Amino acid sequence: MASLRGKLSTLKEMEYDNYSAWKRHRPWIFRVASALLFFCASWLLLLYAFSLTNTIDNTALAGMAFGSIILFGVGLFYLMTSFGKMRLAWRAFRRSKGHYTKSEMVIVNERAELARAQIAAAQLAGDLYDGTWRPQDPPWDVVTESNELVICAANANYARFYGSDVTYMQSSGFLMGHPTFVAVGVLAMAWGNRTRRTQAEALAKEQSREQQEVLAVITNHRVICRRQDGVWLSFYFHGASSMDIDSSTGTMIMQFPDTQPLILGGTGGLYAAVAAVWAVRGARGLEGHPGLAYLRSLEEAPSA
């Protein structure tokens, strides 16, 4: 979970790459300028207060001094928060020159792999549409059905989406002693119970689970996934109640009436999406399915 949060944070930082130069630098420039204005206002108010030392009472003088401190504090806040925005702008500049951190390089490689997978999936869609594809031999440990043909095999990012039943222990007890000790003990037990209940609710809610890389064997009937524990699972295209495909992000979500939804991504996920549309809708599906629009744009793009 921590690594996922780190990746999301890096992705958010890399959004700066799509901004214009002014939009990247505007946040820290605004904060530094505001800090300077508040510092100047604080200094001027303090000088004004000193100039009136002999003409106003101590209460008014203290109020002006306090106001000067408040202005200085606001300016300091703007100055401190500008450093983070400076760092974001600097990192965007470094990335524009090809200098990436390790976490950024992971994302860059993932994007490059997704682009390669999208090109390959677009080629597969074209071959299926034209009828030029040739069946492949299945892996030795996969038993195909009658009239089932293997289209391709590739690694895929696999996950299932479901909730879970979670139990947790609730603390209780009888406390004796000083009233302060009893009150602290009761609050500690209540806080512990609430924390465990919150954690259990987070674990129980519906979310992506079993996330792993699998081998996906795609046929004209189904996608067969070999999980990392060696178990083969079959997901039949015609057995699905719905298919949500987004070829721009390389994901496919298949829902079934009798099992948990399947989430596939990466190269195998894109291949499975193309094969599923072709198996269920035929050539018309490849030609018009909105989830494959990005792949069709790659086919239509002029080659360099």
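Buried here means under 20% relative accessible area, and that cut-off is handy for reading the close-ups below, which come from a predicted model.

**View 1. Ser-42, tucked into helix α2.** Ser-42 sits in helix α2, the stretch covering residues 21-51. With a relative accessibility of 6%, Ser-42 counts as buried, because the cut-off for that label is under 20%. So who is Ser-42 in contact with, once its neighbours within four places in sequence are left aside? The answer is Ser-68, Leu-71 and Phe-72.

View 2. Trp-43, Leu-44, Leu-47 and Phe-50 together make a nonpolar surface patch of about 480 Å². Phe-50, one of the four patch residues, belongs to helix α2. Is Phe-50 buried or exposed? Its relative accessibility is 56%, so Phe-50 counts as exposed. Ser-42, also placed in helix α2, is buried at 6%.

**View 3**

**View 4. Arg-116 and Glu-113 along helix α4.** These two residues form a salt bridge in which the closest N and O atoms are 2.9 Å apart. They are 3 residues apart in helix α4, so about one helical turn separates them. Glu-113 is partly exposed, with a relative accessible area of 38%. Back at the previous close-up, salt bridges with shared partners join Arg-91, Arg-95 and Glu-104 into one network. The structure holds 5 salt bridges in total.

**View 5. The β6-β7 hairpin.** Strand β6 (residues 251-255) pairs with β7 in the antiparallel sense, over 4 bridges. The two strands form a hairpin, with 6 residues between them. Which residue of β7 is the bridge partner of Thr-251? Look for Gly-265. Strand β7 covers residues 262-265, with Leu-262 and Leu-264 pointing one way and Ile-263 and Gly-265 pointing the other way. What about burial: all of these β7 residues are buried.

**View 6. Leu-295 in helix α7.** Leu-295 is found in helix α7, which spans residues 293-300. Its relative accessible area is 2%, so Leu-295 is buried. Leaving aside neighbours within four places in sequence, the contacts of Leu-295 are Gln-118, Ala-121, Ala-122, Ser-247 and Val-274. Now pick out Gly-126: Leu-295 and Gly-126 are 169 residues apart in sequence, and their C-alpha atoms are 9.6 Å apart in space.

View 7. How many disulfides does the structure hold? The count is 0. Cys-40 is partly exposed, at a relative accessible area of 46%, whereas Cys-225 is buried at 0% relative accessibility.

**View 8. Stepping back to the whole chain.** The protein has 7 helices and 7 strands. Read from the N terminus on, its elements run α-α-α-α-β-α-β-β-β-β-β-β-α-α. Of its 304 residues, 30% count as buried. The accessible surface comes to about 19,200 Å², and 60% of that belongs to carbon and sulfur atoms. Among contacts with a separation of 6 or more, residues 24 or more positions apart account for 64%.

Definitions and conventions: Residues numbered from 1 in each chain as written. Predicted model: local features only at pLDDT ≥ 70, side-chain atom pairs only at ≥ 80, totals over all residues. Heavy atoms only, no water. Buried < 20%, exposed > 50% of the residue type's maximum accessible area, 1.4 Å probe, protein only. Pairing = 2+ DSSP bridges. Disulfide = S-S within 2.5 Å. Contact = heavy atoms within 4.5 Å. Patch = residues over 30% accessible without salt bridge, like charges linked within 9 Å, V, L, I, M, F, W, Y side chains within 5 Å. Areas by Shrake-Rupley, 256 points an atom, 1.4 Å probe, with all protein chains shown as cover. Salt bridge = Lys/Arg side-chain N within 4 Å of Asp/Glu carboxyl O.
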